[in-house]
Amino acid sequence: MGRVTEIVGRGLAGFLTKPVRQSIQVATISQEKLSEYLQPGDVLLVEGNTRISVAIKYLTQSTWSHAALYIGNALPPVAPWELPLVLVEADLQEGVRAIPLAQYAQMHTRICRPVGLSDEDRKRVVDYAITRIGQKYDLKHIFDLARYLLPTFPVPRRLRRRMLAFGSGDPTRAICSTLIAQAFETMRYPILPEIQRTWSDNPMHKDCYADIYHIRNYSLFTPRDFDISPYFDIIKPTIENGFDYRSLTWSDPGQGSKACGCESEE
């Protein structure tokens, strides 16, 4: 039975990873700028263009369908003719793997940076992801996603996250966002924790309260959570580098001539 499940799962993986023809990708950040500003421990969100991406974006009501962890130069150098492997991700067909940044050069991406991590903490996150390289993708996740690619039906908002609580629960298997969530969980770093407010029962301090944080199960995390998390900063290289809209050269002749300091003819 396990063999049959694996064969069917691989077939579904091949189907789900095929690009959608109508999908149009716009890379808002160049690969050079991404490489310049990414730091180890950063989460790179990707707007995918495959069938599986459509399902995830629909269920999470988000632009982002995939997440990868930037590890910098933590892996040994590759051959001189090969691009350095600087991202760790859970791929539907190949499982947890290391890939070059060029893998997503033509796609819409976003850098999410955990705030306050020390260099030692960043290394712990990176090391955790590296030790998972070679693990398989969770087949149960593939079957669940395939179900939601059938003719679209309304999904109540309150159920969307639970529907994405995919996975067999086997820690030796991984999906993209849960792999990264587990890496941050090793040091109790929050992503979107459940917060319980507890009021003091001391009559002298009845107006005092404490916020108690509860780590949510890693299987409940989606790529969108890193984007909306209050503990991750959004890094936009174009702005970080100093943006001046007046320096842009537009294709419109009139605008272009003004931008370069030329006077337009009457």
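Tutor: Of the contacts (heavy atoms within 4.5 Å) between residues at least 6 apart in sequence, 73% join residues at least 24 apart.

Student: Where does this model come from?
Tutor: It is a predicted model, in which local features need pLDDT of at least 70 and side-chain atom pairs count only at pLDDT 80 or more, while totals for chains, interfaces and linings use all residues. Residues are numbered from 1 along each chain as its sequence is written, and side-chain values use heavy atoms, with hydrogens and water left out.

Student: How many helices and strands does the chain have?
Tutor: Ten helices and ten strands, taken as DSSP runs numbered from the N terminus (helices are H or I, at least four residues; strands are E, at least two).

Student: And what share of the chain is buried?
Tutor: 42% of the 266 residues, where buried is under 20% relative accessible area, exposed over 50% and partly exposed in between, with a 1.4 Å probe and protein chains only.

Student: Which way do the residues of strand 1 point?
Tutor: Val43 and Leu45 point one way, Leu44 and Val46 the other, and all are buried.

Student: What does strand 1 pair with?
Tutor: Strands pair if DSSP finds at least two bridges between them. Strand 1 runs antiparallel to strand 2 (residues 66-70), with four bridges, and Leu44 has Ala68 as its bridge partner there. Four bridges also join strand 1 to strand 5 (residues 109-114), again antiparallel, and there Leu44 stands opposite Ile111.

Student: New topic: where is Arg188?
Tutor: In the loop between helix 7 (176-185) and strand 8 (194-199). Arg188 has a positive phi of about 60° although it is not a glycine. Most residues other than glycine have a negative phi.

Student: Is Arg188 buried or exposed?
Tutor: Exposed, because its relative accessibility is 59%.
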